[in-house]
Amino acid sequence: MNERMYELGSKRSVIREIFEFGKKRAQEVGADKVFDFSLGNPSVKPPQIVEDTLVELLQTEEATALHGYTSAQGDYATRKAIADYIARTHHVETDPDYIYMTCGAAASLTISLSAICNRGDEVITFAPFFTEYRVFTQTVGAKLIELASDPDTFQIDFALLERAFSAKTAAVLVNSPNNPSGVVYSESTIQRLAALLEEKSRQYNKTIYLITDEPYRELVYGGVKVPYLTAYYKNTVVCYSYSKSLSLPGERIGYIFVNPQAENAKKLYLSVCGAGRALGYVCAPSLFQKMVARCQGVTSDVSVYESNRDLLAGALRQYGYACVQPDGAFYLFVKALEEDANAFCERAKQYGLLLVPGDDFGCKGYVRIAYCVSPEMISRSLPSFKKLAEEYGR
Ligand code: PLP
């Protein structure tokens with residue numbers, strides 16, 4: 001057996017551990033006394049048009065075609081619908097032949113990293129970051145360089161980034177809106193990042209890629225804009241997923257978009273196809289490919305998340321907790337009320353509050369609260385958050 005795979009398979013992620021604990025605890029003390037904020041599972045149902053489209057497809061399309069293999073890189077009509085939508089919405093050049101359909105953002109990332117990295121390469125990312133980035137980069141034989149972000153804003157700390165590049169840097173990996181901080185990178189952050197990537201690519205005489213992980217692109221509040229990165233830096237690979245925007249995480253559908261204006265774009269796209277093939281990620285789920293082709297521009301009702309955010313962030317600030325303003329996704333990244341976030345989470349458990357320590361996200365001293373839960377559960381949990389703060393003298 002492969003020892004590394006054994007290790008990965010035998011150790012559950014911290015989030016999963018907490019989720020399992022929550023289920024057990026609910027049986028012991030009653031579900032109404034457990035406030036599980038551990039998992040990023042959308043709490044808003046998919047838009048009605050998703051169900052209607054699936055029913056229509058099932059009733060009208062010939063079954064062997066509907067459930068059959070598509071091209072390895074995905075159905076052309078689907079790739080065309082996506083390319084047209086991106087061009088229409090973000091005013092950037094697109095091409096269906098630079099889109100590769102995948103099983104969600106996780107597959108988009110592992111394929112893109114495999115396509116770009118060689119053994120010993122480095123991939124720079126910014127803490128806090130999605131915990132699986134470590135697993136994904138290690139699997140392709142690359143090293144994840146984890147950089148702290150500006151502690152006041154969780155935007156990129158450019159002084160740190162400048163020093164982090166090396167001849168081994170293959171890519172910079174960003175995630176905005178961010179899991180777990182909820183922060184959206186401003187246009188000025190993106191412009192500085194693009195300029196620095198140009199400069200460092202010149203300095204090291206190589207193409208340094210920008211990989212952008214975007215499952216939360218549409219989950220933004222208060223009119224905040226999420227810059228479309230191919231418009232700022234040509235060597236960009238977009239990793240997209242419908243898991244959160246259409247509330248379909250179990251259906252495993254997303255895509256990779258290679259900017260047709262990237263250097264050696266055709267070679268890069270063919271490497272993506274090769275990585276998809278090598279990893280066994282060919283022909284993403286056919287029924288869902290056909291559904292997304294007809295539902296471009298549709299998003300779940302994000303107003304529910306926005307009011308959850310306002311309710312929870314407002315109350316927590318009143319009780320003396322601090323968190324950076326989350327403009328997107330459905331997470332709050334809150335400063336723990338003691339140095340050790342693990343100890344703080346254990347204390348929170350005594351009040352039925354299941355929170356995730358920030359350590360695995362590369363950021364000690366914080367906890368993640370996933371507010372993709374019912375508004376009613378948030379309201380019921382508030383007295384517990386208040387009592388917990390009072391225990392720390394707030
Ligand atoms: N990237 C980030 C930042 C995420 O939060 C997630 C899932 O929560 C993923 C990737 C994986 O998404 P998917 O379920 O579409 O594979």
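User: Which helix gives the most residues to the shell around the ligand?

Analyst: The structure is a predicted model. In this model, 13 residues surround the ligand, and the closest include N179, D213 and Y216. With three residues, the element that gives the most to this shell is the helix formed by residues 104–116, namely α6.

User: What share of the ligand's exposed area does the protein bury?

Analyst: A backbone N or O atom of A105 lies 2.8 Å from a ligand oxygen, and a backbone N or O atom of A106 lies 2.9 Å from one. In the side chain of N179, an N or O atom is 2.7 Å from an oxygen atom of the ligand. Taken alone the ligand exposes 400 Å², and the part of this that the protein buries is 90%.

User: Where is the proline that is joined to A127 by a cis peptide bond?

Analyst: The bond in question joins A127 and P128, with omega at about 0°. P128 belongs to a loop that has β3 (122–127) on one side and α7 (132–139) on the other. The location of P128 is therefore the loop between β3 and α7.

User: What is the omega of the cis peptide bond that joins S176 and P177?

Analyst: P177 lies in the loop between β5 (169–174) and α9 (187–203). The peptide bond joining S176 to P177 is cis, and its omega is about -5°.

User: Is F154 buried or exposed?

Analyst: F154 is found in the loop between β4 (143–148) and α8 (158–164). Although F154 is not a glycine, its phi is positive, at about 60°. Buried means under 20% relative accessible area. Because F154 has a relative accessible area of 6%, this residue is buried.

User: Does S247 count as buried or exposed?

Analyst: S247 is placed in the loop between β7 (236–241) and β8 (254–258). This residue is not a glycine, yet it has a positive phi of about 55°. Because its relative accessibility is 10%, S247 counts as buried.

User: Which residue has its backbone nitrogen 3.2 Å from a polar atom of the side chain of Q155?

Analyst: Q155 lies in the loop between β4 and α8. With a relative accessible area of 15%, Q155 is buried. A polar atom of the Q155 side chain lies 3.2 Å from the backbone nitrogen of S186.

User: What distance separates the C-alpha atoms of S271 and A115?

Analyst: S271 lies in helix α10, which covers residues 265–279. At 26% relative accessibility, S271 counts as partly exposed. S271 and A115 are 156 residues apart along the chain, and the separation of their C-alpha atoms is 4.9 Å.

Key
Residues are numbered from 1 along each chain as its sequence is written. This is a predicted model: local features need pLDDT of at least 70, side-chain atom pairs count only at pLDDT 80 or more; totals for chains, interfaces and linings use all residues. Side-chain values use heavy atoms; hydrogens and water are left out. A residue is near a molecule or strand if one of its heavy atoms lies within 4 Å of it. A polar contact is a pair of N or O atoms within 3.5 Å; within protein, one must be able to donate a hydrogen and the other to accept it, and residues adjacent in sequence count only if both atoms are side-chain atoms. Accessible areas come from the Shrake-Rupley method with a 1.4 Å probe; for residues, only the protein chains shown count as cover. Helices (H or I, at least four residues) and strands (E, at least two) are DSSP runs, numbered from the N terminus. Buried means under 20% relative accessible area, exposed over 50%, partly exposed in between (1.4 Å probe, protein chains only).
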